[in-house]
Amino acid sequence: MASPPHPNLELRPLGNTGLKLSCVGFGASPLGSVFGPVSEHDAISSVREAFDLGINFFDTSPYYGGTLSEKMLGKGLKALGVPRNEYIVSTKCGRYVEGFDFSAERVTKSIDESLARLQLDYVDILQCHDIEFGSLDQIVNETIPALQKLREAGKIRFIGITGLPLSVFTYVLDRVPPGTVDVILSYCRYSVNDSTLVDLLPYLKSKGVGVISASPLAMGLLTENGPPEWHPASAELKSACQAAAAFCKAKGKNISKLAMQYSLANKDISSVLVGMNSVRQVKENVYAATELATFGKDQETLSEVEAILSPVKNQTWPSGIQES
Ligand code: NAD
């Protein structure tokens, strides 16, 4: 029997979808061993802990760990043994370890492959993955229409787009009929070190588009252990974040909790999607949300960390065919 949802983890509406997402979302890229090896046991128990603590939103992609993340998440969700409508799943299409392919043919095949790996009949959200690496006109004219057919076929419920440069969202949303794209997933743009997503929120709200903000820990920059080898940030940004983490530690504070609470505090963001690979991380991140709801932000430490990060504030890195 499943435990009842955690009573204090807030649910937030996702644009016009009618979905209500837990404010902390479970990012499953670590289940693809993207941030270091993760056992099947740890993957399954992390998903179970997340669900038991009130997380109802799980995000993956065929790209993460070359399909491993989808397989692990599928096992974890199956092991929950709860009705399918008790959790919300998003996966992606167009980005694979073999490269990018946003053609109608590939994304149509991709969803069937994803559903098989996830052991599901449908996903709630299918997102075009990192569209700055494709032709945005192809996304508008070919990929999204293909996803609309998948929606009609009942394989997906809602359509999303993801990317790092914020300009890709306005480019697409300005060119598709209203209600076609339901969700955007932005990453590394609403963290203590980079909050540029804030400027786009009124526009997204006016379009009725739901906002998922991923990577509140800046893909590991805002953790005591630091980022993985492949992290694309400059040496300057990495060392500023390392200094901020050391400052927090010396003060008896945790940089990851501070960063989670910073992102969670903006309620125009439906879900803060954080990558997790252990029961401990799940507990910490859910606790960060419930503590924020009860006590508010640690404004003193936040201001101190913002001062340390001010020389690199909003510094990002190139992503995509236009920027690289
Ligand atoms: P993140 O900022 O969430 O950081 C994840 C890292 O932080 C992992 O190493 C994780 O183990 C660690 N971590 C998590 N909780 C911690 C805690 N309490 N203390 C210390 N360390 C902790 O970065 P992410 O995983 O890349 O992003 C979150 C999710 O968002 C991804 O898993 C993925 O689902 C999604 N995402 C999507 C896109 C995209 O669509 N383009 C891009 C990035 C992320």
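**Terms and values**

Q: Why is Leu150 called buried?
A: Leu150 has a relative accessible area of 5%. Buried means under 20% relative accessible area, exposed means over 50%, and partly exposed lies in between, with a 1.4 Å probe and protein chains only. Leu150 is therefore classed as buried.

Q: What kind of model is this, and how are the residues numbered?
A: This is a predicted model, in which local features need pLDDT of at least 70, side-chain atom pairs count only at pLDDT 80 or more, and totals for chains, interfaces and linings use all residues. Residues are numbered from 1 along each chain as its sequence is written, and side-chain values use heavy atoms, with hydrogens and water left out.

Q: In which helix is Leu150 placed, and what does Leu150 touch?
A: Leu150 is placed in helix H4; helices (H or I, at least four residues) and strands (E, at least two) are DSSP runs, numbered from the N terminus. Not counting residues up to four places away in sequence, Leu150 touches Val107, Thr108, Ile111, Leu126, Lys155 and Ile156, where contact means heavy atoms within 4.5 Å.

Q: What makes Phe57 a buried residue?
A: Phe57 has 0% relative accessibility and therefore counts as buried. Phe57 is found in strand E4, residues 57-59. Beyond four places in sequence, the residues that Phe57 touches include Leu21, Phe26, Ile88, Ile125, Ile212 and Leu273.

Q: What is noted about the phi of Cys188, and where is Cys188 found?
A: Phi of Cys188 is near 60°, a positive value in a residue other than glycine. Most residues other than glycine have a negative phi. Cys188 is found in the loop between strand E10 (183-187) and helix H6 (201-206). At 4% relative accessibility, Cys188 counts as buried.

Q: Why is Asn314 described as partly exposed?
A: The relative accessible area of Asn314 is 32%, so Asn314 is partly exposed. Asn314 lies in the segment after helix H10 (299-309). Asn314 also has a positive phi, of about 65°, although it is not a glycine.

Q: How many helices and strands are there, and why is the chain called as compact as a globular protein of that length?
A: The chain has 10 helices and 12 strands. Its radius of gyration is 18 Å, close to the 20 Å that the globule rule gives for 324 residues, so the chain is as compact as a globular protein of that length. The radius is taken over C-alpha atoms, and the rule is 2.2 Å times the number of residues to the power 0.38.

Q: What share of the chain is buried, and what share of its contacts joins residues at least 24 apart?
A: Buried residues make up 57% of the 324 residues. Among contacts between residues at least 6 apart in sequence, 77% join residues at least 24 apart.
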